[in-house]
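Me: I have not looked at this one before. Can we go through it in pieces?

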Amino acid sequence: MGNKISRRQLIKDGGKTLLGGIFILSVPSLLRSFTRTEEPPNPAAAAQLDQRDWETRYWGFICDTEKCIGCGRCVVACKLENKVPWEPEYNRTWVERYIFTMDGEVFVDSPNAGRDGFTAEPMNLKYQNLDVSKSFFVPKLCNQCDNPPCVTVCPVNATYRTEDGVVLIDQEHCIGCRYCIQACPYGARYVLPEASSTHFGQVRVVDKCTWCYHRISKGLLPACVEICPVGARVFGDLRDPDSPVRKMLSEKRVYVLKPTLGTEPKVYYVGFEKGVQ
Amino acid sequence: MEGFIYPNEGVVEWDLLITIYPFITGLVAGAFVVSSLYHVFGMKSLKPVARFSLITALAFLLVTPLPLIVHLGHQERGLEMFLTPNFTSAMSAFGYIWLMYLLLVLGEVWLIFRPDIVRYALSSQGIKKTIYSVLALGVYDVSEEALSIDRKLIKALAAIGVPAAFLLHGYVGFIFGAVKANPWWSTSLMPVIFLMSAVVSGIALLIGMYIVVAKIRRMPLDHGCLRSMTLWLWGFLSLDLVLEGLEVFTMLYESEESWGIVHQLITEKIAVSYLGIQFVLGSVLPLLIIGFIELSGLKENIKTPFRFVSAFLVVAGVFAMRWNVVIGGQLLSKSLRGFISYTPPLLGLDGILVAAAIMTLPFIAFFILSHLLPPWPEETRVGERKTLSFQQW
Ligand code: SF4
Ligand code: SF4
């Protein structure tokens, strides 16, 4: 009897779980199926990309802070795609919330690095007593700087820049000195913990965003760009006049983070505000 | 944690081990400078500690790479710094500079102690004879002619050694000074400040060790030598204080965007170790004490405890300075909006116990080296080279 009920219950619950499960699980499996296929899903785009040598591409990234809704999907997608440890201290990308008050004060937060969105700490409750003038979200990731200080300081050349303008880490070579973490002005780097199980199976070495190098070299978009429901993240080839990044850069006025440091970041921000850094 | 920090910033990546690393290199550089003041610049008053300081420098130099290697995420890949160096990295040159400097110091030690080594090799027996014969490297010529060539070589090595010591330590300062991402580190004064504080800490260490060793060995203290060292300490310390003050004053005067957080760092987060220990107890107070006692007509043996206390304060102050730079710099978030908190753990590779163990190693090395090659003045006085047997000490 009890058995039956629990079985019925199981089917009932199972149905609900299944629906939710399909929804949640479709994210990683979708992403995974993309990475597994040898053929890019969009043959036309692939054909176009195939005509060009990867070394002739020069990747660029745009974050549109006027569009970002702080849902945190990008953070989740990135963690699943790149096997970034789930804890909020390890991030290849994260989302910050900026709050400006009428008297010019600035408040910034990023609960769980934006992984779970911001609804658990809504602004009207968390900043109840403030006279807020405006507020917005700023997605962050490695800027793949053109003049990357992290590459300059790496004592063993484990961090390097590719021809197509992406900064990568050879994790089988990294000695874990963490000089690059000190040198990156944007907090883009972190150390893989002892218990991590990333694609390269390395621990105690440095990791950071690669703009999903394994995907973009196949003609796919970075996972965060692909998942963003509002198109706040735009990616493409800076040398291709028809690429979405190029088009947007010629239409909008953009800014980069900490330009005075001379790192020449390649993540451009639309809707920038003084105080964002 | 306080205010906003970037999510990846929760950990202080360069911990206690990286704090003691520049501290140890600094002591090496300082001790070497003292020995060179005698060997190159002919400061006769420093003769009693000339050999002693060289052995001290060697003892600390041997331990220098240890904290750096222990700190790596992958110690087994440490050699890659030699094999695949990236010469734009301030860190990659370390291995080479260290090796060069080690060879130089070893060469100088060998030349200076050669007559003793030969004497021990000829007069001892058994295992001791073997050890000293190996150390003699097959060269037994101690004629006046050979020794005068030695002296020239010693002078040359000591002369090269001074810029080399400066390079070794100035470059350690550069590791931090060249990080533009960090407003508390990024200043071109950093290498010079590191250098000055290195010399200061080395001289102070020698003063302290000299007094302690003399007590233990019941050796009479050479007060002239002690006075000379204390005055040198005073000179370098004043210079050091001016430079360190200048650095912060410039930051305050220029009041760049980052000044707000730097100001908060030094007046709140590291106020005790910075204003309290580094500035007041480690610099101003010893300057006053030394100034007072060296000008006073006090008896020399009454001055000794004051000199000792000043030396101790200075070494503690320089350690605090290393802490304030290395740890302090990492407490402020690069978002310039918050602070990370850090208390060193007791256990573990990054803990206090390991750091303390590493800090005792140079003293153990010194103990062994000074038994092998006694640097004490009474045994080296020119003219009265009586044969020394191993048992005498
Ligand atoms: S954002 Fe940081 S990690 Fe990325 S390239 Fe620039 S300096 Fe390097
Ligand atoms: S931690 Fe690794 S990648 Fe970073 S500087 Fe050191 S060796 Fe290079």
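Me: Is Ser110(A) buried or exposed, and why?

Reply: This is a predicted model. In it, Ser110(A) counts as buried because its relative accessibility is 13%, and the cut-off for buried is under 20%.

Me: Where is Ser110(A) in chain A?

Reply: Ser110(A) lies in the loop between strand S3 (106-109) and helix H4 (123-126) of chain A.

Me: What does the side chain of Ser110(A) reach?

Reply: The backbone oxygen of Val95(A), at 2.6 Å.

Me: And which residues does Ser110(A) touch, leaving out those up to four places away in sequence?

Reply: In chain A, Ser110(A) touches Trp94(A), Val95(A), Glu96(A) and Phe118(A). From chain B, Phe4(B) and Pro7(B) are also on the list.

Me: Aromatics next. How many aromatic pairs are there over all chains?

Reply: A search of the whole structure gives 35. Phe118(A), which Ser110(A) touches, forms a tilted pair with Phe137(A), with 4.8 Å centre to centre and 50 degrees between the planes.

Me: Which parts of the chain does that pair link?

Reply: Distant ones: Phe118(A) is in the loop between S3 and H4 of chain A, while Phe137(A) is in strand S4 (residues 132-141) of chain A. The two are 19 residues apart.

Me: Are Phe118(A) and Phe137(A) buried or exposed?

Reply: Phe118(A) is buried, with a relative accessible area of 5%. Phe137(A) counts as buried too, at 16% relative accessibility.

Me: What about the rings of Tyr179(A) and Trp14(B)?

Reply: Their planes are at 45 degrees, so the pair is tilted, and the ring centres are 5.3 Å apart. This pair crosses between chains, with Tyr179(A) in helix H6 (residues 179-183) of chain A and Trp14(B) in the loop between strand S1 (2-3) and helix H1 (16-39) of chain B. Both Tyr179(A) and Trp14(B) are buried.

Me: Which charged ends sit over the rings of Trp110(B) and Tyr120(B)?

Reply: Over the ring of Trp110(B) sits the charged end of Arg114(B), 5.8 Å from the ring centre. For Tyr120(B), the charged end is that of Arg119(B), 5.6 Å from the ring centre.

Me: Staying in chain B, how many residues of H2(B) are buried?

Reply: 15 of the 17, so H2(B) is largely enclosed by the rest of the structure.

Me: Where is Trp323(B)?

Reply: Trp323(B) is in helix H12 (residues 300-331) of chain B. Not counting residues up to four places away in sequence, Trp323(B) touches Leu16(B), Thr19(B), Ser273(B), Gly328(B), Tyr342(B) and Pro344(B).

Me: How far apart are Trp323(B) and Glu294(B)?

Reply: They are 29 residues apart in sequence and 30 Å apart in space, C-alpha to C-alpha.

Me: Back to chain A as a whole. How many helices and strands?

Reply: Chain A has 9 helices and 11 strands. Of its 277 residues, 52% count as buried. The chain exposes about 13500 Å², and carbon and sulfur atoms supply 56% of that.

Key:
Residues are numbered from 1 along each chain as its sequence is written. Chains are lettered from A and ligands numbered from 1 in the order in which they are written. This is a predicted model: local features need pLDDT of at least 70, side-chain atom pairs count only at pLDDT 80 or more; totals for chains, interfaces and linings use all residues. Side-chain values use heavy atoms; hydrogens and water are left out. Helices (H or I, at least four residues) and strands (E, at least two) are DSSP runs, numbered from the N terminus. Buried means under 20% relative accessible area, exposed over 50%, partly exposed in between (1.4 Å probe, protein chains only). A polar contact is a pair of N or O atoms within 3.5 Å; within protein, one must be able to donate a hydrogen and the other to accept it, and residues adjacent in sequence count only if both atoms are side-chain atoms. Contact means heavy atoms within 4.5 Å. Rings of Phe, Tyr and Trp (its six-membered ring) pair if their centres lie within 6.5 Å; planes under 30 degrees apart count as stacked, over 60 as edge-to-face and the rest as tilted. A charge sits over a ring if NZ of Lys or CZ of Arg is within 6 Å of the ring centre and within 35 degrees of the ring normal. Accessible areas come from the Shrake-Rupley method with a 1.4 Å probe; for residues, only the protein chains shown count as cover.
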